[in-house]
Amino acid sequence: SAIPYVGQLIVEWIWGGFSINNETLNRFFTLHFILPIIILILVILHLIILHFYGSSNPTGMNSDIYKIPFHPYFSIKDLLGFIVILLIFMFMNFQLPYYFSDPDNFKMANSIITPKHIKPEWYFLFAYSILRSIPNKLGGVIGLLMSILILFMLPYLNINSNFMNLKFYPINQIYYWFFINNFIILTWLGKQVIEFPYMYLNIIFTISYFLYYLLSPEFNKFWDYLMY
């Protein structure tokens, strides 16, 4: 609804009416059912393309003579990783099914009373933290979307560098771990109540989050300048 002119129309189209109703729930349940299928198809396509064309070389140099067959080397390695993740997933589902659940999820739903502290699932807390750090409604929505969409820029951060791997850029290695810590702190801030000092920390770490995508290529250029 924060989008000018067409925002309310989009909201009503998503809701399937003028308010959240049974049609809205059906649409979101269907979306949650279709998304895993789409992701599975994309994973299969990725493996097929990887099988025919191979993966990129981090050094940015031609290494065709060092290529090895996809099967059995990569297929067995990926199968082992899949089995390990599946075992962890099964353990969490069967032994600790409510470990990541929020206590508010067990309260009876009431359409009249809004909970004091609404927060999404833990894997979206970093984006929710960025949303709350921007006081303007439209700006907050844009910041929320950009916090996720900007991740697609990661493969292109080093496109103008001499090397495609951070192991050749020690400054970026250190800065990368600052970014990971920044991400974890934003996730932690996302579940905190909006009060001092969390509201100011939200702003600081939100700015730091987006600065990474601007400064990382510059650090690459600076290191290339020092070395070459």
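Q: Buried means under 20% relative accessible area, exposed means over 50%, and partly exposed is in between (1.4 Å probe, protein chains only). With that in hand, why is Asn182 called buried?

A: Asn182 has a relative accessible area of 3%, and that is under the 20% limit, so it counts as buried. You'll find Asn182 in helix α6, residues 170–190. Helices here are DSSP runs of H or I with at least four residues, strands are E runs of at least two, and both are numbered from the N terminus.

Q: What is Asn182 in contact with, leaving aside its neighbours within four places in sequence?

A: Phe205, Ser208 and Tyr209. Contact means heavy atoms within 4.5 Å.

Q: What sort of model is this, and how are its residues numbered?

A: It's a predicted model: local features need pLDDT of at least 70, and side-chain atom pairs count only at pLDDT 80 or more, while totals for chains, interfaces and linings use all residues. Residues are numbered from 1 along each chain as its sequence is written, and side-chain values use heavy atoms, with hydrogens and water left out.

Q: Why is Pro120 called partly exposed?

A: Its relative accessible area is 32%, which sits between the 20% and 50% limits, so partly exposed is the label. Pro120 belongs to the loop between α3 (70–95) and α4. Setting aside neighbours within four places in sequence, Pro120 touches Leu125 and Tyr128. Asp102 is 18 residues away from Pro120 along the chain, and their C-alpha atoms are 9.6 Å apart.

Q: What makes α4 mostly covered?

A: Eight of the nine residues in α4 are buried. They are Leu125, Phe126, Ala127, Tyr128, Ser129, Ile130, Arg132 and Ser133. These buried residues pack against α5 (137–149), α6 and α7.

Q: How do you know that α4 is roughly perpendicular to α7?

A: Helix α4 (residues 125–133) and helix α7 (residues 198–227) pack at about 115°, with their axes 9 Å apart. Roughly perpendicular covers 65 to 115 degrees (under 35 is roughly parallel, over 145 roughly antiparallel, the rest oblique), so this pair gets the label. The axes are lines fitted to C-alpha atoms over the stretch in contact, and angles run from 0 to 180 degrees between N-to-C directions. The crossing of α4 and α7 is left-handed, meaning the near helix is turned anticlockwise from the far one by less than a right angle (clockwise would be right-handed).

Q: Which residues of α4 and α7 meet?

A: From α4 come Phe126, Ser129, Ile130, Arg132 and Ser133, and they meet Asn202, Ile203, Thr206, Tyr209 and Phe210 of α7. By class, this contact has five nonpolar, four polar and one charged residues. (Nonpolar is Ala, Val, Leu, Ile, Met, Phe, Trp, Tyr, Cys and Pro; charged is Asp, Glu, Lys and Arg; the others, Gly among them, are polar.)
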